[in-house]
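I opened the model to look up two things.

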Amino acid sequence: GAQKVGEDKFWYLTERRKIPLPTPPDMDNEGNYIVSLSRVVSYLGEKAEALGVEIYPGFAGAELLTSGDSDDGVVLGVATGDMGVAKSGAHKASFQRGVEIRARATLLAEGARGSLTKECMKRFGLREAAGAQEMTYALGVKEVWDVAEGNHRPGEAIHSIGWPLPRDTYGGSFVYHMKEKNRVSLGFVVGLDYNNPYLSPFQEFQRFKTHPAIRGLLAGGKMVQYGARTLNEGGLQCVPKLTFPGGALIGCAGGLLNVAQIKGTHTAMMSGVLAADAIAAALAADPTPAAEEEEEAPEDAVPKLISLDGYERALKESWVWSELHATRNIRPSFKFGFLPFLAYSGLEAYLLRGRVPWTLKHAHAGDHTATGRAAKHKPIAYPKPDGELTFDVLSCVAMSGTNHDHDSPSHLVLKDAGVPKAVNVPKFAAPESRYCPAKVYEYVDGELVINAQNCVHCKACDIKDPTQNIVWTVPEGGGGPKYTAM
């Protein structure tokens, strides 16, 4: 159920202490609700189907259907992936060819770092068309707990900065007390522009739970679900052109998360509403022919596409754009250092509200470029898990419900199989074995082994790999985590 936020807390953490700070205006959750997003999505899916919307769970959008080249081409729809393909590439007895779904307008709503969105942005030069910077991301690692009786305070929302992260690394925590009896959702977010290749976002989260304030909350409780996902942190500076011939980007596919609030659901929903309004208006003005008329057209005919330029204009005139504009300078100010960031972001949050003639740029042209050489850093000695409060990666992955067909091609593709051994190990001390929160990447006898079946679809590897050698593609069918409480 939905739990109205009752109390906001904002802490600066040291290793042993919590120092209460004023809650920044952008993190004031008055009037907001704490929910399980996986349950909200399921609920909305049922409502959509009741209205006649066709939803295809278990079918991944694997390919953009396009016509022409990148200069004059258009997006005609999406094809789902083939099913029943063995790891060897051979067709199994269960083989089924993917299905082409064509439409007059295609909306990409894949969330952060979607594979079709990446292809679309490159094909149509959407970042360059908007003069946008390369997106910067964070990785959020999350657990849902049932805590002991007496530790549950429904409606309490806590955010923190500081320990255990070093001061040159952007990030923080959240702890939300949900409506369900004794249910608490907590997590840790680490900016992927961190420099130290020995840092592990997963291990930083485990260490965070050992803080006295968090240890006391979780003592006697039980972890019931685990997950991880990257999120957009670039803000307005990184929003690309949102429309392309034949469709548009909505939600986090377009980078619309408000990083100062650590929220993107509201902006994603509003962008969907505005895109739907633009499509509805276009269809009212120029209806799609009846099915029997369409059957007379040749199979390769290009449908009469809908222009969604009105969607982008409406978005830029909405509160979504105003929010992103007001908070645009907070995240990039971290490049000046932790204390200057606190001072400047406080000034922006309480006084300036984006009403300044400058727009700060992010420090890096892609998070992968921020990764430092291992020789300049010392390995981090993370504490061993105790199995009650802190856990090893594989124990957590088991709690995500993730599942993939073992006899299917890996959806994690290396452009050059020699790069991990030749570059990642000697220069960066194999960072993929640490930034991945699911132990997908490990080295055995000096060779990289990809355990694709562990993948929780966070997309961190596609973002943080130093040479951009790892490409995340969609797995077969409904493979991936099975979140029910996240």
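I am working on a predicted model, where local features need pLDDT of at least 70, side-chain atom pairs count only at pLDDT 80 or more, and totals for chains, interfaces and linings use all residues. Residues are numbered from 1 along each chain as its sequence is written, and side-chain values use heavy atoms, with hydrogens and water left out.

**Entry 1: D8**

I found D8 in strand β2, residues 7-13. Strands are DSSP runs of E, at least two residues, and helices are runs of H or I, at least four, numbered from the N terminus. Is D8 buried or exposed? D8 is buried, yet it has no salt bridge. For a salt bridge I need a side-chain nitrogen of Lys or Arg within 4 Å of a carboxyl oxygen of Asp or Glu. K263, the nearest side chain of opposite charge, is 6.9 Å away. Lys and Arg count as positive, Asp and Glu as negative; His and the chain ends are not counted.

I then checked the backbone. The nitrogen of N29 lies 2.7 Å from a polar atom of the D8 side chain. Beyond neighbours within four places in sequence, D8 is in contact (heavy atoms within 4.5 Å) with residues including T23, M27 and A157.

**Entry 2: the sheet**

I traced an open, antiparallel sheet of three strands, in the order β5-β6-β9. β5 (61-67) and β9 (100-102) are at the edges with a single partner strand each, so one side of each has no neighbour in the sheet. Strands pair if DSSP finds at least two bridges between them. β5 and β6 (residues 74-80) have six. L64 has V78 in β6 as its bridge partner.

Conventions: Buried means under 20% relative accessible area, exposed over 50%, partly exposed in between (1.4 Å probe, protein chains only). A polar contact is a pair of N or O atoms within 3.5 Å; within protein, one must be able to donate a hydrogen and the other to accept it, and residues adjacent in sequence count only if both atoms are side-chain atoms.
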